[in-house]
Amino acid sequence: MSTMAVPDVAVAPVDEGFWTRSRKVGLTLLALGLLAAVLFGALATDQQARFTLSDDAAGAALEINGTIGAILFGIIAIAAGAALLAGVPKRWFLPVLGVGLVGFVLSFLCWQVSAAPTGQNFMPLVNIIRGTFILALPLIFGALAGVLCERSGVVNVAIEGQLLMGAFSGALFGSISGSVWVGLVAAAVGGAFISLLLAVFAIRYLVDQVVIGIVLNLLAVGVTGFLYERLMQTDAEQYNSAPRFSNWEIPLLKDIPVLGPALFRGNIFLYVGLLLVLVIHIGLFRTRWGLRTRSVGEHPTAADTLGVKVLRVRYRNVLLAGVVAGIGGASYTLALYSFTKNMIGGKGFIALAALIFGRWNPTGALLAALFFGFADQLATYLSAINSSIPSQFLAMLPYLATILAVAGLVGRVRAPAADGKPYIKG
Amino acid sequence: MTNPNPQSGSPDKEPASEAQAAQNALGNTERASTTTAPKPSEPEPKPSLGRLFLDNLWAANTFTVTLLSLVLAVVVGAVLMIISDPDVLHTYSYITARPSDAFSASWTLVSEAYANLFKGSVFDPEAFAGWLNGSNGWQAVLAPISETLTYAAPLVFTGLAVALAFRGGLFNIGAQGQATIGVILAALAGFLLPLPPGLHLLVAVLAGALGGALWGFIPGILKARAGAHEVINTIMLNYVATYFLTWLIVQNGVQDPKRTDAISKAVDTSAQLPRLLGDNLRVHAGILLAVLATWAVAWLLNRSTLGFELRAVGANPDAARTAGISVTRTYILIMVFSGILAGLGGSNMVLGSTASALTPLVVAQIGFDGILVALLGRVKPWGVLLAALLFGALQAGGNRMQSYSGISLELVTVLQALIVIFIAAPALVKAIFQLRAARAARLQTSLAKGW
Amino acid sequence: MNVLYGLYQPDEGEILVDGKPLKLKGPSDAIGAGIGMVHQHFMLVPVFTVAENIMLGAEQTRGGIAGFLDRRRARREVAEVSERYNLRVDPDAVIEDLPVGIQQRVEIVKALTRDVDLLILDEPTAVLTPQETEELLTVMRSLKAAGKSIVFITHKLGEVKAIADRITVIRRGKTVGTASPEASRDELAALMVGRNVRLTVDKSPATPGDPVLEVAGLVVDDDRQIRAVDGVDLTVRAGEVLGVAGVQGNGQTELIEAIMGLRPVLAGTVSLAGDRIDGWKTKKVLRAGVGYVPEDRSVDGLVKEFSVAENLVLDIYDRPPFGAGLALKPDAITSSAKERIEQFDVRTSSADAPVGTLSGGNQQKVIVARELSRPLKLFIAAQPTRGVDVGSIEFIHSRIVHERDVGTAVVVVSSELDEVIGLADRIAVMYRGRIIGVVGPDTPREEIGLLMAGISPDAAAATDGGPATDAGSASEDEA
């Protein structure tokens with residue numbers, strides 16, 4: 001993506017000199033740490049900031065004095081920044097950066113939690129972690145759909161539409177049949193239907209993939225909205241009361257402290273999503289299917305000369321992506337809510353952001369989705385404790401982070417080379 | 001690259017990119033398909049004029065493809081109506097026994113819906129009859145047109161915004177965000193600044209343009225300086241703008257002090273666009289500005305040095321750069337101009353008659369609809385104007401269809417999306433209708449350049 | 001050749017392998033029939049490792065339906081083939097980090113691991129240094145010794161004569177003749193071009209005036225930030241043609257682009273008639289009286305969708321009479337275009353026709369017409385006649401000489417040695433980012449050829465024709 005260097009930009013010299021990227025990031029981190037230690041430290045109160053290991057205020061908790069915590073974690077961020085500034089070996093870059101960022105976030109939390117109205121000076125970690133994953137769930141499915149598509153060279157801007165169509169047909173057919181499984185299959189087919197349109201128009205009719213993606217989103221919004229008003233609103237009993245997957249607890253894992261109750265005692269879609277990340281990651285980098293997919297997304301002509309059927313690979317992957325996104329849509333209507341008009345509400349585009357932020361990599365996309373989910377959950381939490389931080393600004397975080405990533409400020413992201421380019425033989 | 005209409009001497013001589021070169025604007029092709037008929041220099045026995053015209057009409061030229069796309073969209077829309085109506089659907093369960101039931105029920109449903117669509121957007125015979133026998137005023141006759149123009153005005157601006165960027169090789173998906181920032185600044189100028197009428201309106205309109213320009217500048221500079229893809233950045237900025245709007249509305253000094261929900265103070269009347277046909281009809285001066293903007297963009301693209309640079313950069317940035325045109329500067333300018341247009345579209349939404357205060361949904365979908373309008377208008381200024389009129393008509397008629405026939409307004413979104421899908425894939429339309437091999441060589445909306 | 005490899009379908013005719021007719025539906029059929037191909041533009045996925053590239057399409061897998069890649073086996077296979085044919089490659093190196101010579105080696109290994117009997121090499125030496133070319137020829141000999149058949153496509157006569165056992169000359173899709181390697185260059189050349197080509201250009205001796213272009217100590221990087229021009233000094237005088245010869249990819253492109261302000265100058269100076277112009281924007285350089293014909297007309301020279309008329313003003317559209325302020329004057333543009341079309345004999349249906357509809361030669365004439373239509377101090381033509389028909393070549397050459405005769409300083413960059421010799425008054429030979437020698441046009445071809453290979457005459461004498469000292473350092477590097 002940022003490889004599309006604009007021609008008459010003066011090319012940065014190879015020799016970056018002292019100010020390598022690592023050092024620049026270090027300086028930024030140092031500044032953030034200072035901000036945290038000084039500002040958050042000053043704003044934090046002397047209340048104990050409690051991070052409870054449960055759903056509510058009760059139970060065991062990690063406690064720290066607000067002011068001390070804010071300053072302490074700020075100093076950790078400063079230290080990490082200073083380490084990067086001083087220069088660390090390359091493989092230490094990410095871990096050190098991670099420590100620094102976590103320090104910054106913790107300092108922020110110490111301030112916020114301690115400054116909350118008296119009696120609410122706690123943050124229920126189980127609740128936060130569960131919320132993070134649940135909010136990240138559609139992003140995970142959506143971003144995986146993006147990975148499947150774009151790794152094979154088809155830009156997928158239609159994630160939103162695929163999720164929406166999945167959610168809708170899951171709800172509709174789940175309701176009609178009264179079976180979650182029928183609903184799930186219908187959701188997958190619904191997502192695949194949008195994918196099929198994307199594939200046919202992008203691959204066969206060579207329509208610009210961004211254009212068709214945008215239009216398909218609108219089509220999905222229109223069709224589901226129309227049918228929602230005609231069918232579901234008039235007869236919700238019949239058409240919009242899909243059964244839900246019951247909670248399913250995973251033995252052993254559910255007993256892990258904090259993580260167990262947060263993640264392994266419920267939503268079946270969460271297990272599916274995490275498993276899919278693993279499967280797609282291994283598939284992409286360890287199997288024949290993955291090798292061919294990536295080759296088609298990077299250099300389709302080369303793949304063709306070696307007998308790889310470029311178009312077939314692309315059709316298959318785009319359809320798979322639709323199935324994955326469709327199931328992601330079902331994670332709404334077959335587990336959490338009943339269908340409402342335009343219920344995905346832009347999550348598909350955050351999923352796109354997670355895909356890019358995660359550098360077209362399943363695991364990266366998962367981490368990005370979790371980061372975005374956390375920002376979302378944090379916004380909910382902060383507004384619950386009447387924080388002075390407007391939730392809208394936290395909601396902007398995923399988008400701003402993606403802009404920074406694409407602009408090359410957080411390392412370079414590079415799309416598959418043939419992403420978005422139709423393959424025409426000869 | 002072959003000339004799409006060799007005989008007509010290609011009325012439009014500045015095709016900027018492959019996409020546009022292969023296409024003529026809606027209006028142009030109409031002209032082309034008629035002017036191709038008299039071809040004096042043909043040595044072969046001349047087929048009759050009418051025959052030639054028909055031949056041409058049935059060839060896959062732009063005009064025909066557009067028309068047939070409309071037809072296809074309307075057909076798919078009808079199918080959706082039928083399958084979503086349980087009563088009508090029921091008649092199909094015994095279709096073999098009594099097919100007439102199914103057909104007449106379907107026909108009634110569909111024809112009534114589309115009739116209402118037409119009555120709500122163009123002309124309502126009952127209102128006309130009412131005017132003749134004095135039961136209602138002339139306003140009722142013009143009401144549909146007034147509604148259509150009201151909805152079309154902002155779409156002209158956002159459509160032009162997207163089209164202009166397209167011609168310069170950039171895909172501006174951010175018209176929505178640019179319109180949002182535009183609407184914010186226009187509204188703020190509208191209720192915060194105490195200015196005399198006239199000047200106040202001017203300042204408010206310009207504030208909207210400024211907001212759009214700012215929001216277009218960001219992806220422009222990121223593209224030019226860091227090579228960051230404008231599609232991604234404009235998508236992201238759309239959401240940033242939306243969240244900023246929802247935050248801003250509830251701030252002190254902005255929120256309507258009498259209200260607790262998310263709505264701002266109202267724009268002063270001195271900053272509102274004057275209505276054209278009296279207070280009972282909503283059509284306002286925005287549509288005049290829109291026509292002016294269309295003319296200005298057409299001039300800019302085809303008759304100015306800046307437009308030359310823009311088209312050159314859009315068609316071949318390498319050659320443009322080699323010829324001494326600054327590609328980065330052009331990219332930034334394109335995005336700024338595109339943002340200005342989108343921002344003007346946004347200011348239409350709060351200074352016109354659709355709304356006079358900020359709400360979270362004040363800009364509706366005009367940015368996204370603008371993408372469709374630009375594509376339908378074949379990214380040519382006057383084509384965009386026509387496309388915006390069509391979309392405005394669908395909106396206006398959709399309202400009536402919703403209230404009279406109970407067909408959800410969402411059908412309009414479906415129709416709009418379908419029209420553009422079919423337009424974007426003329427090969428599909430051609431295949432469905434078995435059109436003669438296209439005279440217009442390759443009809444494609446493809447700019448395919450990937451991330 | 002793409003038909004032979006199954007990429008294109010033949011319209012008619014048939015392909016026989018070992019006497020049996022073969023129907024190729026796609027490249028996999030070709031591979032199955034024992035045909036391998038090394039394409040002119042490498043068919044390697046840049047972000048893949050060598051092993052991944054070699055595996056692709058013929059993956060060895062474990063784990064049944066899951067199809068896990070057996071990387072160990074792929075590595076072993078690469079090692080075996082490398083060993084057998086002495087083609088050393090590191091299976092875990094990533095392609096984009098490798099020099100072109102090694103990438104080509106990967107291509108050959110890729111074909112060999114597929115057990116091909118017939119190897120097609122399409123213009124393999126176009127991107128190679130002479131050193132790498134020599135290595136390639138050695139490899140080809142060893143393949144031949146191992147019983148493989150090779151189809152070697154090239155337009156370089158020397159290489160054909162050095163390696164081929166039989167020569168077939170193809171022109172415009174038809175076989176025009178066969179020859180043995182003993183045939184003389186002139187015979188082969190005549191077969192290739194169809195008539196005895198005149199390689200000389202009519203021109204009178206030059207009368208050089210004052211220096212116009214002066215380049216001193218110029219250092220420029222290429223797109224990958226690798227040093228491409230490494231300390232070039234040049235002077236071109238008014239009324240002379242300086243030819244720049246050299247194998248493509250030795251820094252000629254970057255040198256010219258740096259002069260034109262299209263590429264940052266890292267060190268050194270460029271002066272035009274005494275004014276420092278390095279660091280100037282391209283527009284300013286053009287306005288200062290420099291005409292420029294870029295080497296790739298379809299990428300850098302023309303906007304194909306624009307009309308001929310618009311392309312004729314591509315770099316002066318904003319100057320009177322074509323532009324006044326912000327406004328464009330279409331009438332002036334059209335009428336001037338009609339004049340130019342006449343003057344430069346551009347064959348086009350009209351001034352409004354998109355330039356992409358013109359033939360290559362006429363497209364090139366549009367560029368030349370554009371650049372020669374304003375008063376110039378310096379005219380730079382890079383590959384001015386590449387892919388251009390013979391008639392247009394003569395026309396363009398005569399315009400270049402005419403420009404020299406009116407007192408413009410001219411630089412002609414060409415990888416066609418004959419063109420350089422025919423046009424130039426002095427010839428500068430570039431090798432690895434440096435000017436390795438400046439000679440007169442009467443210098444024997446062989447001597448210039450040696451210079452192009454990086455062997456300066458003194459060194460040649462000293463080392464008895466051995467490779468120059470710094471040659472091949474890149475190609476010898478193991479990744």
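Chain C is divided into domain 1 (15-154) and domain 2 (211-473), with bounds that come from an automatic or database domain assignment. The centres of domain 1 of chain C and domain 2 of chain C, taken over C-alpha atoms, are separated by 37 Å. The model is predicted: local features need pLDDT of at least 70, side-chain atom pairs count only at pLDDT 80 or more, and totals for chains, interfaces and linings use all residues. Residues are numbered from 1 along each chain as its sequence is written, while chains are lettered from A and ligands numbered from 1 in the order in which they are written.

For chain A, the mean pLDDT (the predictor's confidence in each residue, from 0 to 100) is 87, and 94% of its residues reach 70 or more. Over residues 1-15 of chain A the pLDDT is below 50.

The contact between the two chains takes 20 residues from chain A and 23 residues from chain C. On the side of chain C that touches chain A, at least two residues each are supplied by α1 (27-32), α2 (50-55) and β5 (68-69) of chain C. Helices (H or I, at least four residues) and strands (E, at least two) are DSSP runs, numbered from the N terminus. The largest share of this side, three residues, comes from α1(C). By residue class, the side of chain C divides into 14 nonpolar, seven polar and two charged residues; Ala, Val, Leu, Ile, Met, Phe, Trp, Tyr, Cys and Pro count as nonpolar, Asp, Glu, Lys and Arg as charged, and the others, Gly among them, as polar.

In chain C, four strands form an open antiparallel sheet in the order β11-β10-β13-β14, two strands being paired if DSSP finds at least two bridges between them. β11 (227-237) and β14 (275-276) of chain C stand at the edges with a single partner strand each, so one side of each is left without a neighbour in the sheet. Strand β13 (residues 267-272) of chain C pairs with β14(C) in the antiparallel sense over two bridges, and Leu272(C) stands opposite Asp275(C) in β14(C).

In chain A, Gly98(A) is found in helix α3 (residues 93-115). Gly98(A) counts as exposed because it has 11 C-beta neighbours inside 10 Å; the cut-offs within 10 Å are 12 or fewer other C-beta atoms for exposed and 20 or more for buried, with partly exposed in between, and C-beta atoms are placed from the backbone.

Technical notes:
Two residues are in contact if their C-beta atoms, placed from the backbone, lie within 7 Å.
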